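User: Could you walk me through how to read the main features of a structure like this one? I would like the general idea each time, and then the case at hand.

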There are 4 protein chains.
Amino acid sequence: MVLSEGRGGTIASSHSNAVAPDQRNMSLAERYAATRRLSEKLAEPLSEADATIQSMPDASPAKWHLAHTTWFFETFLLRDSLPGYRLHDERWPFLFNSYYEAEGARIARKDRGLIARPSLDEVHDWREAVDEAIRPLLDDPAHADLIELGIAHEQQHQELLLTDIKHAFFKNPLGPAMWRGRHAHEDEQAGGVGLADGPDWHQHPGGIALIGHQEGGFAFDNEGPAHRVLLEPFALRGTLVTNGEWDGFIADGGYRTASLWLSDAWDWVRRCNIEAPLYWRDGEHFTHCGWEERDPDAPVTHISYYEADAFASWAGMRLPTEFEWEAIARGQDSPGHPADGGNQLDEAAPPLPRGGHDLFGDCWQFTRSAYLPYPRFAPAEGAVGEYNGKFMAGQWVLKGASCTTVRGHSRPSYRNFFYPQQRWQFTGLRLARDV
Amino acid sequence: MVLSEGRGGTIASSHSNAVAPDQRNMSLAERYAATRRLSEKLAEPLSEADATIQSMPDASPAKWHLAHTTWFFETFLLRDSLPGYRLHDERWPFLFNSYYEAEGARIARKDRGLIARPSLDEVHDWREAVDEAIRPLLDDPAHADLIELGIAHEQQHQELLLTDIKHAFFKNPLGPAMWRGRHAHEDEQAGGVGLADGPDWHQHPGGIALIGHQEGGFAFDNEGPAHRVLLEPFALRGTLVTNGEWDGFIADGGYRTASLWLSDAWDWVRRCNIEAPLYWRDGEHFTHCGWEERDPDAPVTHISYYEADAFASWAGMRLPTEFEWEAIARGQDSPGHPADGGNQLDEAAPPLPRGGHDLFGDCWQFTRSAYLPYPRFAPAEGAVGEYNGKFMAGQWVLKGASCTTVRGHSRPSYRNFFYPQQRWQFTGLRLARDV
Amino acid sequence: MVLSEGRGGTIASSHSNAVAPDQRNMSLAERYAATRRLSEKLAEPLSEADATIQSMPDASPAKWHLAHTTWFFETFLLRDSLPGYRLHDERWPFLFNSYYEAEGARIARKDRGLIARPSLDEVHDWREAVDEAIRPLLDDPAHADLIELGIAHEQQHQELLLTDIKHAFFKNPLGPAMWRGRHAHEDEQAGGVGLADGPDWHQHPGGIALIGHQEGGFAFDNEGPAHRVLLEPFALRGTLVTNGEWDGFIADGGYRTASLWLSDAWDWVRRCNIEAPLYWRDGEHFTHCGWEERDPDAPVTHISYYEADAFASWAGMRLPTEFEWEAIARGQDSPGHPADGGNQLDEAAPPLPRGGHDLFGDCWQFTRSAYLPYPRFAPAEGAVGEYNGKFMAGQWVLKGASCTTVRGHSRPSYRNFFYPQQRWQFTGLRLARDV
Amino acid sequence: MVLSEGRGGTIASSHSNAVAPDQRNMSLAERYAATRRLSEKLAEPLSEADATIQSMPDASPAKWHLAHTTWFFETFLLRDSLPGYRLHDERWPFLFNSYYEAEGARIARKDRGLIARPSLDEVHDWREAVDEAIRPLLDDPAHADLIELGIAHEQQHQELLLTDIKHAFFKNPLGPAMWRGRHAHEDEQAGGVGLADGPDWHQHPGGIALIGHQEGGFAFDNEGPAHRVLLEPFALRGTLVTNGEWDGFIADGGYRTASLWLSDAWDWVRRCNIEAPLYWRDGEHFTHCGWEERDPDAPVTHISYYEADAFASWAGMRLPTEFEWEAIARGQDSPGHPADGGNQLDEAAPPLPRGGHDLFGDCWQFTRSAYLPYPRFAPAEGAVGEYNGKFMAGQWVLKGASCTTVRGHSRPSYRNFFYPQQRWQFTGLRLARDV
């Protein structure tokens, strides 16, 4: 996911039904306030130093996320739509623009960890000032689409704030915890379903499916236009691949068997000495609560596309396409309401995958689909047109939602995307097979 | 194109109708001999030094191509099927295995230019010895599929031999010529058709198309299985984008306009200071005959996917999908006989794109399709299973054939593939648009 | 200067006369306390975030300097000499050991900016605890040498703390200031002495000079053994090269004239697009008070060896050897008391070169001497033996002292050393010539 | 050694007494012819392909050496001194200028292996043409200095031709041999002298020594001016360190003991996984005759400065300074005639170190002296001034001569120089100690 959002002329209504249960009856202004508050809650356990450091170019400091989401509202709402508005600090867009070429030069991505100033307090003051200035616009229907977009954008950054700080803490040999309290293993486990057998598979007869955003409510531009796709018969497993199953892959020499891997993947495995998912050591893995014992029944996470593909080959199956995944999701009882179930982010508390039978939640699921434009896709005009379209090269689509995705932010048509070697997100896999 | 070939259990018959006109009535043994002879003819203008050097990791020395194709026949035919056969030199597979993990360790790709020994003469001796030893197998139907594969494999390397030596000569400041005689501009030019108008567009009404290898004859494993795909209405331009049209793109600041480029592409343009196609300087371009004046009506070649995509955006159109391209090709009068027309390789003579109305020939044409497996695709067992499948990550499909593709080697289902920044092949583009 | 200190069996007495005026009559315990206090004073203007970030691998975070100097005392004094002492936190040596192989594994140098934890407060608590625990040892003559070493070590890090944070602030586009208040240009300027003429040159007749540490008091191991060196007649300019003179070098195309530069230097200039000293833009330079106008009469600083050598070539002169420089310094009125004059660090206040006739102060001065062992040099046994000796390859000797060197830390035999491309220290040059 | 030579106004006479025995009574014209002939003899065993390839940026193709030495004579003699002379091919200086900035742009060093054209035959034709054109100048005293320089220059490249092709063949997994015939171990071995004891040490009482070129005859500019240096008493071992002694260093864990290594050296050992000298495997080493058994009594070669220094530390001794080495050499019976003894290059035949008591021959010997200018050194005016002076940064002085150094090319004042990690030359070490 590269963080931004396409304007989307397809946004039919700002009264989305795809929001979290407790947001269903909220006004746009209330949802704006709730989203902004959650970002601050998530950053609360962090010291000024925690919020400033950057552990790799892919990740950004927590303070940067707080500032960038504010820059987004200030730039595209206040600056562009509020007559007479003056920027809080005219030097800050250089620091907090992410990748919008149309918005001008900006600090190199790898240097975001050098922004000791402005301080965390100054960023919080900025957030308050923008929240105050934006208030008169929140009830004006003329701005509803952009505000929806800004909310969705900030929700994406909430997920990134959590995954980025996890990586930063992981790199500290002291293994600091963001929250206290060890996770207990769930007694009721995910299932013990065998890899390939058992009743726990969603069957699909094939045929023509309508894919892409088609309900009311908000969606990013890359989720449309809705269009028809022809599917062959297939099956999608009901549960995610677990840590225990991954242990089996390792024990069977999965990381040392060239024939299981794509050519680029095998280069990566050898060049980077990959031997296990990110954040694993012995029987433990690193969490927002520090180092903890791994639950063999919980879904495996923090794997790359390369690893997901190799595992599927090892299991004699394959990854689903994004269309297959979506077709199953749409066939479920409440396809439009994934927010009703699944392990997603409800509050500022430690996220942890735990397994189950939900399609949404726990982790993003790799598909074998390259991230490409849908037929007749066209990005929006102007800077927000850079939100999604320009990343359509070299990345892969992931479906679902993770335990760090804010509840209400997910839907069947949602397309997340990453490069095939990235794995600091909560990424996992769900097997598919031909029938 | 990464050079190898899938075994392909789908090969129904070794009497292919997709060969070049003058090969239609040839026996398999005759076609084997003709293919081997052509490789040697292509290398004839080269000195021992020319044939030894490697100008970049992507390219291989001409001597290496001569040896590798021989290794292929020796390994998969003679060694595996001829009882009592002893390798010509048991140390050479280390040098001339390309990327088959199942065939063991091998010299690093970037070091192929260090193989001063064996000498060119020794490689020619090896070729003769293998040709001699293989003779008894050529008429045996049990080996026909593998021999077809070996012929197709050597044809691919004939194209690479030509494009690789072109790059090597280009890197020499003296700009040596492989053949003499300047190309004259064709008087009858490609057309002067405007980018978006005129009658010269293939129209397609959309609907379900059957895609993939479906005729008799040889095909690589990645061309199947044949399967149905749903298309929306579209149009495909009858002619290729020309040098002159590309001059217009440059003059309009195409290489300096961020909004035309994918995000990875823009990084590439700036990091590598890309300002024109490979092999261009002023009004000239580098050819197998040295530096020559550019023909504005000839198709542009030696461009990357990134450039093709940016040009299409600039023109307000897009690249076709691989399915759209193939659907048009199948709708033509002689879809199974592209060998009958187009500018392809007929003999050891300087190749040069010249333009026209053929779908095949002149240059490979980028599609907007990522190189991925077709539904129910499975690579063959054993080493030859590494021919195509393991490269299905990060590359893009190209359709058609180029002026360096041996006549008879092309067909509508053929899928060539390259990384988005590569451009030392004869790569160009044909525009598409929604209707 | 790589930060550490050789034990030095040559330390005759811990009652050094080479300390700053106000430290002359202090006891060792008083000097320990003053040194520790100054480190904390220097860090006072920094926020938690300021003190945590690392702007390049050469530089370290301010918090790290505060911690590392404390680790030094805890490791080599308390742990090794105080029976029953328990480490404040046994996981911290991994974080705060700099480069002592004998002290075991440690965090990679480039990752020091990831140490958000322990917090700045925790580091301050550690400092207090160590200061408390060390008190009984301060008056014990058995430990005097190591305490002297620890004090000198912490003084070196005070200089680095200042130069490292300067670089970190420089990298922030906001250009934050560590202290307020613009520097006013000194009215009484350095001189306007021409490069090569005027009376302002120290003359030396040549002959045998005794070089190296030879007085009582503390010195690093690399300053000895004292030994004789044969000098040819030469002259050393009385003043440093100024910003204004450097402007002349630039205006004359100095950075574009290959013949002025060493071969490695010319590669560096072109590869890194070097066009001026570090921290320069237009008529300004970056200081601890932010961006300020440059004083043309102040000494140029933040140049590399490569630049210093090229400038000397341009001026038709050369850099002095370390022996020539020291011979002049020893011939001055109060050679043992450089602390009495010069622009050095006296308190936590903004340092800035200003020029004058002192050999010490303002900036470190490059010599044309490679940093190599003196005859019969042998490093000390054990971990502290790694302080200096192992860096004797590829670096150059600098003499004098800078405006960030604590007063009392300098002496004629002092040998600072850096790689030829480094320039984030206050480095400048003083010309020499043969006579 | 970077290959070229400073004009040297100090050249007193072109009738050198420092030439090989069989050249003593030759005229300059005869020596020119002999030198040119030897280069061609050395290249005789090489194929066109062998002579074209480049195995690493440090090394150059044999054909390039043949051409570059010819370019040197054509440029600085014919072009500059022969009225009306026209360049053989005006495009070739771009290819065969090595590093002379004053002579304009040139092909990147790493791309010398791409010069398939001109062919080896064309280069030989060029050599003949230049030899023919230069004939009238050979007896003219006005050009004697430059011709001496050109001869010395070509002799340096003869050594490089041999060491570069050795590396290229080593990189070929077939391990080709340049000459046939295995070396037999010498029966009379070097000595079995213990590392530190025995009578076989040259003693020196210290005092003032006159260093640098001081006899008649040719010398490079970096060997002067002659000047006095003060030495402390020391001893220099009579024999070189042997392969067998190096085996002891390895067996004792020398490559795994951090405390023996300089800091930069230890980084290099770990980053490059250094475990033995270059060209070693098991009990063998690679030679110009292919892989051969190692002679434990022969001198170790192909080591870096880093390794030489670590070995000396392990042995409890040190490397000599360049001044110490030269002082011993000058104290020998025939200091001016090293050509009379030692294992140097006499003809086109396989070179191999064999040990003995000569100071010259077998291998270049590292000193602990950085390569810096002697007092009052000034490079010559013009392009030839780039021969030596601009490399005086970051390299180390080596003394003596190797088995690939043409007899007559060595003398006590000769200063060879390399970077501390380079080891493809015949480099070894001779221990020193304080007394």
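Analyst: Here is a tour of fold, cores, interfaces and salt bridges. This is a predicted model, where local features need pLDDT of at least 70, side-chain atom pairs count only at pLDDT 80 or more, and totals for chains, interfaces and linings use all residues. Residues are numbered from 1 along each chain as its sequence is written, chains are lettered from A and ligands numbered from 1 in the order in which they are written, and side-chain values use heavy atoms, with hydrogens and water left out.

User: Let us start with one chain. How many helices and strands does chain A have?

Analyst: Helices (H or I, at least four residues) and strands (E, at least two) are DSSP runs, numbered from the N terminus. By that rule chain A has nine helices and twelve strands. Of its 435 residues, 63% are buried, where buried means under 20% relative accessible area, exposed over 50% and partly exposed in between (1.4 Å probe, protein chains only). For contacts (heavy atoms within 4.5 Å), 81% of those in chain A with a separation of 6 or more come from residues 24 or more positions apart.

User: And which residues have the most contacts inside the largest nonpolar core?

Analyst: In soluble globular proteins, nonpolar side chains tend to be buried together. A nonpolar core is a set of buried Ala, Val, Leu, Ile, Met, Phe, Trp, Tyr and Cys residues joined through side-chain atoms within 4.5 Å. The largest one here has 219 residues, and C:Trp246, C:Trp261, C:Leu429, D:Trp246, D:Trp261 and D:Leu429 have the most contacts inside it. A second, separate core of 216 residues includes A:Ile165, A:Trp266, B:Met317 and B:Val406.

User: Is D:Lys390 buried or exposed?

Analyst: D:Lys390 counts as buried because its relative accessibility is 13%. This lysine lies in the loop between β8 (364-370) and β9 (396-400) of chain D. Apart from residues up to four places away in sequence, D:Lys390 touches C:Trp261, C:Leu262, C:Ser263, D:Tyr99 and D:Glu101.

User: How do I read the interface of chain A and chain B?

Analyst: The size of an interface is often given as the accessible area lost when the parts come together. Buried area is the accessible area (1.4 Å probe) that two parts lose on being put together, summed over both. Chain A and chain B bury about 2,600 Å², with 55% on carbon and sulfur atoms. On the chain A side, A:Leu230, A:Glu232 and A:Arg376 lose the most area to chain B, together 23% of what that side buries. The contact joins 31 residues of chain A with 31 residues of chain B.

User: What about chain A and chain C?

Analyst: Those two chains bury about 2,200 Å² between them, with carbon and sulfur atoms giving 66%. A:Leu114, A:Arg117 and A:Leu174 lose the most area on the chain A side, together 34% of what that side buries. Chain A and chain C each put 28 residues into the contact.

User: Now the charged pairs. How many salt bridges are there over all chains?

Analyst: Side chains of opposite charge can pair when their charged atoms come close. A salt bridge is a side-chain nitrogen of Lys or Arg within 4 Å of a carboxyl oxygen of Asp or Glu. The whole structure has 116 salt bridges over all chains, with four across the interface of chain A and chain B and two between chain A and chain C. In one of them, C:Asp50 pairs with A:Arg117, the closest N and O atoms being 2.5 Å apart. B:Arg228 pairs with A:Glu232, with the closest N and O atoms 4.0 Å apart.

User: Which salt bridge ties together parts that are 116 residues apart in sequence?

Analyst: The side chains of C:Arg318 and C:Asp434 meet in a salt bridge (2.9 Å, N to O). C:Arg318 lies in the loop between α8 (305-314) and α9 (322-330) of chain C and C:Asp434 in strand β12 (residues 432-434), so the pair ties together parts that are 116 residues apart in sequence. C:Arg318 is buried, at 11% relative accessible area, whereas C:Asp434 is partly exposed at 32%.
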